[in-house]
Amino acid sequence: MAMDAKEIEAKAKALGKAATSNESSAVILGLLKEIQTGVRATEDLLRQTRIGIIVNKFKQSKTPEVARLSSEIVSKWRTEVNKQKQGGGTAASRGSSSPRPAQNGTGASTPAAATPSDKASKLSVPPDKRTWKADGAEINHTGNRVRDSCTGLMYDGLCVGSTESPKVVLSRAIAVEVSAYKYLGPETKEEYRTKIRSLFQNLKNKSNPKLRVRVVEGEITSDQFVRMTHDELRSVEQREADAKIQKENMDKAMVAQQERSISKSLQCGKCGQRKVTYTEAQTRAADEPMTLFCTCLNCGKSWRQ
């Protein structure tokens, strides 16, 4: 029997708790099997319950059985949702026609309303050569030139190195553009265009490939993606490297500095004041006098003698 949204949410919480409390693989497998048989996936249901995000995390499990089953479940759901989009499943089931695209940026269409061309249903170019043009993706979902161009830019950022079908990538690209439009639009505002360019550059960053995967697979929702800060968009490795550098600089800054003496017998040649600090260092032969490195406290002139 198919579970309703509340039952699915309860299973999602139980699965999340099992992960954080280090439950046995048998318990996790039991929950995954219940979800596998009880969830009839639709895009709305997966978004509402967030069950897909939770199950997707178990694909990285160190237990082979858990990783395999979670991969099967996610793949099955993705296939079901894509079939519904291709056949207009959700709208057809309600006996209503698909909504028309918004014109001139007056409204925002949803990913479910997009109908990619047939030639965009299969991957026909190498993953590293993909663009929306090469994939034959239909990016014109609003009828507004600027917004549709931004959708194409998001597609080009999301498809790099990906083996996901063009329809899946297009759905995510449209969702991101719609979220950016709602958050920072209209398209005439510089904030909207700047955000789209920033997201594109982060998606294209070769040192952060996980970001593209997380957005395409829905682990990061489109609304979350457009609101992420510059630091949040960076990879864990990049943040750790920066934290290491920051710590090293802090450690250096906390090292005791050489004490500087103040002399009233030394006179600044620039301002004539006798407020001079100095340090001594042996820069010549051992039998020669020390070198004085002087700084005037009045005008800042530095010299050595």
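Predicted model: local features only at pLDDT ≥ 70, side-chain atom pairs only at ≥ 80, totals over all residues.

**Loops, helix packing, cores and sheet**

Let me begin with Arg50, which sits in the loop between helix 3 (43-49) and helix 4 (51-57). The backbone at Arg50 deserves a remark: its phi is near 60 degrees, a positive value in a residue other than glycine. Is Arg50 buried, partly exposed or exposed? Its relative accessibility is 36%, and therefore Arg50 counts as partly exposed, since that class lies between the cut-offs of 20% and 50%.

Between helix 9 and helix 10 we find Pro186. The peptide bond leading from Gly185 into Pro186 is cis, and its omega is near 10 degrees.

I turn now to helix packing. Helix 2, residues 25-38, packs against helix 5, residues 64-86, at an angle of about 15 degrees, and the two axes lie 10 Å apart. Because angles under 35 degrees count as roughly parallel, helix 2 is roughly parallel to helix 5. The crossing of these two helices is left-handed. Which residues make the contact? On the side of helix 2 they are Ser25, Ile28, Leu29, Leu32, Lys33, Ile35 and Gln36. Helix 5 contributes Glu65, Val66, Leu69, Ser70, Glu72, Ile73, Lys76 and Trp77.

As general background, nonpolar side chains tend to be buried together in soluble globular proteins. In this model the largest nonpolar core has 30 residues, and within it Met154 and Phe225 have the most contacts. Five helices each supply at least two of its residues: helix 8 (145-159), helix 9 (166-184), helix 10 (190-204), helix 11 (209-216) and helix 12 (222-227). Which helix gives the largest share of this core? That is helix 9, with 10 residues.

What surrounds Met154, if we leave aside its neighbours within four places in sequence? Met154 is then in contact with Ala173, Val176, Ile196, Leu199, Phe200 and Leu203. There is also a second, separate core of 24 residues, and among its members are Leu29, Ile35, Leu45 and Val55.

Strands of a sheet pair through backbone hydrogen bonds, either parallel or antiparallel. Here we have an open sheet of 4 strands in the order 1-2-3-4, and the pairing is antiparallel. Strand 1 (261-263) and strand 4 (302-304) are the edge strands, each pairing on one side only. From one strand to the next, the twist averages 30 degrees.

Within the sheet, strand 2 (residues 276-281) and strand 3 (residues 291-296) are joined in the antiparallel sense over 6 bridges. Thr277 has Thr295 of strand 3 as its bridge partner, while Ala281 is bridged to Thr291. Strand 3 is in turn joined to strand 4 by 3 bridges, again running antiparallel, and here Phe293 is partnered with Arg304.

Definitions and conventions
Residues numbered from 1 in each chain as written. Heavy atoms only, no water. Pairing = 2+ DSSP bridges. Axes fitted to C-alpha atoms, helices over the stretch in contact; angles between N-to-C directions. Core = buried A, V, L, I, M, F, W, Y, C linked by side-chain atoms within 4.5 Å. Buried < 20%, exposed > 50% of the residue type's maximum accessible area, 1.4 Å probe, protein only. Contact = heavy atoms within 4.5 Å. Parallel < 35°, antiparallel > 145°, perpendicular 65-115°, else oblique. Left-handed = near helix turned anticlockwise from the far one by under 90°.
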